[in-house]
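User: Please take a close look at one part of this assembly, the interface between two neighbouring copies, and describe what makes it up.

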Amino acid sequence: MSRPHKQPHWTLQEIAAITRGQIHGDSATPITGVASIAEAAPGDLVFAESARYLTEALRSPAAAILTAPEVPVAVEEIHKPLILVDNPRLAFLQVLEALAPPPRYPASIHPTAVLGDHCQIGAGSHIGPHVTIGARATLGDRVVVLSGAHIGDECVIGDDTIIHPNVVLYPGVTVGKRCLLHAGCVIGADGFGFIPVGETLRKVPQQGTVIIDDDVEIGASTCIDRAKTGATRIGPGTKIDNLVHVGHNVHIGASCIIIAQVGIAGSVEIGNGVILAGQAGIKDHVKIGDGARIAAQGGVFGDVPPGATYSGYPARPHAQKLREHAATAQLPEYLRRIRALEQKVEELLRRQS
Amino acid sequence: MSRPHKQPHWTLQEIAAITRGQIHGDSATPITGVASIAEAAPGDLVFAESARYLTEALRSPAAAILTAPEVPVAVEEIHKPLILVDNPRLAFLQVLEALAPPPRYPASIHPTAVLGDHCQIGAGSHIGPHVTIGARATLGDRVVVLSGAHIGDECVIGDDTIIHPNVVLYPGVTVGKRCLLHAGCVIGADGFGFIPVGETLRKVPQQGTVIIDDDVEIGASTCIDRAKTGATRIGPGTKIDNLVHVGHNVHIGASCIIIAQVGIAGSVEIGNGVILAGQAGIKDHVKIGDGARIAAQGGVFGDVPPGATYSGYPARPHAQKLREHAATAQLPEYLRRIRALEQKVEELLRRQS
Amino acid sequence: MSRPHKQPHWTLQEIAAITRGQIHGDSATPITGVASIAEAAPGDLVFAESARYLTEALRSPAAAILTAPEVPVAVEEIHKPLILVDNPRLAFLQVLEALAPPPRYPASIHPTAVLGDHCQIGAGSHIGPHVTIGARATLGDRVVVLSGAHIGDECVIGDDTIIHPNVVLYPGVTVGKRCLLHAGCVIGADGFGFIPVGETLRKVPQQGTVIIDDDVEIGASTCIDRAKTGATRIGPGTKIDNLVHVGHNVHIGASCIIIAQVGIAGSVEIGNGVILAGQAGIKDHVKIGDGARIAAQGGVFGDVPPGATYSGYPARPHAQKLREHAATAQLPEYLRRIRALEQKVEELLRRQS
């Protein structure tokens with residue numbers, strides 16, 4: 001267990017060269033990663049677009065800060081190295097891309113892969129060992145399918161998508177371009193629908209599919225069920241963490257963030273830019289508006305308006321829930337106060353009668 | 001991403017032919033699926049056994065309704081096509097089966113499958129690529145095992161069961177007839193038991209097994225642990241959704257519905273016809289009676305009587321929990337009212353003294 | 001489904017021989033397993049180090065009890081067979097090990113396994129069918145990798161570790177000695193980190209790794225993400241159940257117990273000997289002290305001191321939460337009492353004016 005892990009690192013000089021920025025401070029400062037200010041660890045580069053964020057960045061463990069020339073003017077003491085650029089967010093993006101070059105997989109099909117009849121595999125694709133590609137499946141260019149993954153019959157996968165080991169796509173599923181599917185996720189298993197007939201439960205046929213748009217990331221062991229009819233849909237740019245359940249006929253919009261172990265029941269409609277924090281659960285047929293946020297472990301039983309933040313069980317507006325939690329924490333004491341009041345009032349009533 | 005998904009559809013005429021029913025309305029009405037009234041989407045066929053359900057079905061987005069000749073008499077305005085049959089529920093079942101014929105897999109064993117010594121594979125079975133079948137495993141007739149699945153030594157699998165890609169059955173597990181195991185589920189991993197010895201945790205041997213009865217469906221990435229001794233048991237006709245955890249020595253009865261992400265701790269006893277909604281959790285050794293229901297995210301720490309509906313954390317009868325939630329929502333206001341009362345009572349006491 | 005499951009069993013005589021103990025009672029008593037007193041089932045052997053535990057053991061369904069010669073003196077009626085030994089806990093451990101001998105896998109590499117360039121596999125290792133071992137991966141002696149598992153490039157696996165079917169280790173992950181990784185777990189997928197840039201979410205590179213120490217057990221379908229930089233770490237002897245999520249940069253100490261479906265967000269620090277019960281969730285960057293316990297479904301949003309027991313949402317000290325739950329259950333009645341008080345006080349005030 002003593003083998004040290006090799007950690008990539010760069011100098012501030014190298015980072016400044018990527019962004020064509022001007023260094024203030026020690027150009028030999030080592031940089032080992034990039035992060036948002038809230039998530040920064042020692043060695044990280046962060047960016048700050050305003051004096052307020054620069055102040056926060058200076059307080060964080062970050063090693064250096066990308067900012068614009070006018071920002072530091074309003075901040076008193078600058079004790080970390082800076083890189084000055086016209087557009088810090090754009091420069092940060094350039095650094096992100098330079099520091100994390102897409103992994104390279106050689107164009108090749110492993111001899112142990114099993115390819116179905118009439119499947120098509122685009123130029124530059126990499127198919128790993130023990131992969132199964134179904135009949136009439138269509139893979140775009142530079143698609144990567146790693147060992148043990150199963151691509152069902154008639155699936156369609158867009159250019160530059162990467163599918164990690166042991167992922168399963170059931171037949172007929174569509175995945176967009178530049179998607180990233182982590183190990184063990186399952187896309188297109190049957191939705192969960194049964195009708196009681198006497199003492200038994202009869203399966204409702206699940207004849208729809210799953211359509212995943214471009215630039216979607218799906219976490220390890222996450223399960224997205226096929227629709228009863230039509231399609232379960234994941235919008236472009238949405239990012240889904242590990243062990244999430246997405247039921248049949250759910251529609252999720254663009255650029256949503258769905259954190260680990262969230263459960264989304266059937267036919268839920270989720271807008272764009274929605275954030276569902278870890279272990280939240282959404283009841284079937286609920287609608288969640290654009291930009292809404294659900295706190296961790298929230299249990300959502302009714303529609304959530306756009307932009308709202310809900311929390312708790314049953315989920316309600318977060319500010320209200322905070323008041324309820326604070327009140328509940330005082331409740332045992334207040335029950336004593338109520339009993340004391342009752343005694344006093346009885347005493348008052350007794351004296352009067 | 002613009003490729004349209006092929007959706008199966010039928011005409012009302014074709015459906016009526018299956019049920020030998022009589023059409024009222026447009027016999028060319030397209031039908032794309034079947035559903036319960038509560039879950040109906042446009043294009044669906046639903047069934048209604050009484051005037052009350054027919055009224056609900058007429059309000060739903062369903063395209064057409066299976067009902068009995070005497071039912072519409074009591075309903076005012078019938079604006080959807082009907083199929084009249086003597087027994088709507090039985091006819092609905094016939095439609096279910098006709099519309100979702102069991103998928104067909106050719107009788108074949110893929111040359112990349114690895115078969116253990118003395119394993120038996122019944123007539124008409126389909127063994128996919130990269131499957132491993134353990135030594136002395138016994139598969140019935142027409143069993144389907146899809147790519148990458150692992151069937152451990154001495155497992156027993158009944159006739160007509162379908163095992164999706166990358167499922168893992170540990171050695172010695174028994175699965176009944178006509179079961180459906182979705183991709184990535186894991187049956188028979190060790191139960192979770194340890195005994196502290198000094199600073200360390202020593203593993204308690206898990207020498208039992210898992211026995212899954214006939215007609216059980218198990219969702220993707222669901223995990224059912226083997227018993228410490230004896231067997232973890234899933235009763236006939238029970239349906240389990242995705243990402244569910246079933247601990248060691250749990251016994252689940254017949255025709256239960258266990259929704260996604262439910263967690264059932266060790267040695268729980270669940271009766272027949274029980275419904276556990278999404279993300280509910282059941283403490284170890286708890287008993288849940290026949291026909292009981294646990295609401296989504298419920299945390300069950302004690303026994304639940306037959307037929308009861310429990311919700312919340314800690315779970316209690318649902319009606320009581322609803323009153324508690326309503327009361328808690330008013331609590332911040334009531335705390336203010338208590339403080340106001342205290343002032344008034346102090347004032348009254350001051351005046352009297 | 002009627003095939004009986006073979007259950008191993010021993011006689012009390014055989015158990016006594018393992019422990020070199022003295023039998024009181026029927027030496028032919030059959031023993032089918034071992035357990036803690038709380039978890040004991042019929043046929044189990046348990047151990048009792050004091051009169052209090054012996055009394056509990058006598059009330060349990062256990063078949064026989066390991067205890068020390070001086071313990072039964074203080075207990076009135078002994079109606080179960082005993083084995084008397086000097087150190088019951090140590091003897092119990094000997095029985096555990098004798099009853100559950102490590103499974104044996106022959107030293108062999110299956111011809112369908114795919115081995116990467118320059119990978120090293122130690123003496124006595126067993127590599128199953130359809131396994132992929134990455135380039136430059138290093139496996140110790142007697143390592144077992146079962147069918148369909150994927151070991152990424154440059155992974156390091158210690159002696160005597162067992163990896164069950166369809167496990168995925170991403171490149172560069174380190175696993176210690178004597179670990180047990182259950183089927184379908186995923187170690188080293190990308191941490192979940194994105195930065196909004198305009199309408200889109202840009203991926204924060206996840207360049208770190210996962211380091212799992214010796215004697216760790218990891219449940220089926222559990223996901224442990226790689227760090228952004230540095231390493232996500234699981235301490236020695238920690239046991240993790242099924243379907244658990246461990247986010248990037250989490251550090252878990254030694255001998256912790258993490259029960260099924262727990263979710264641990266990024267950068268959480270967990271001490272030694274911590275117990276997280278089922279479905280608990282821990283917010284990112286929280287610190288949990290040595291020996292702390294979090295109850296099932298607890299939602300932890302702030303640091304937890306060493307040795308504390310927290311429960312509920314938001315999690316607080318368990319004793320306080322129990323008072324809150326008891327108070328909340330009475331709340332609907334108390335709201336009525338408040339309204340009654342208000343009427344009486346109004347009446348009193350009216351009389352006075």
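Analyst: In this predicted model, the area buried between chain C and chain B comes to about 5700 Å², and carbon and sulfur atoms give 62% of it. In terms of residues, 71 from chain C are in contact with 81 from chain B.

Turning to polar interactions, the count between chain C and chain B is 25 residue pairs in polar contact, with both residues at pLDDT 80 or more. The rule also finds four salt bridges across this interface, and one of them joins the side chains of C:Glu342 and B:Arg337, with an N to O distance of 2.7 Å.

As for the side of chain C that touches chain B, at least two residues each are supplied by strand S4 (33-34), strand S5 (44-48), helix H3 (88-99), strand S28 (239-240), strand S31 (257-258) and helix H4 (318-352) of chain C. Of these, H4(C) gives the most, with 15 residues. Sorted by residue class, this side of chain C divides into 35 nonpolar, 24 polar and 12 charged residues.

The arrangement of the copies gives the interface its setting.

Technical notes:
Residues numbered from 1 in each chain as written. Chains lettered and ligands numbered in written order. Predicted model: local features only at pLDDT ≥ 70, side-chain atom pairs only at ≥ 80, totals over all residues. Heavy atoms only, no water. Contact = heavy atoms within 4.5 Å. Buried area = accessible area lost by both parts, 1.4 Å probe. Polar contact = N/O pair within 3.5 Å; in protein donor to acceptor, adjacent residues only side chain to side chain. Helix = DSSP H or I, 4+ residues; strand = E, 2+ residues; numbered from the N terminus. Nonpolar A, V, L, I, M, F, W, Y, C, P; charged D, E, K, R; others polar.
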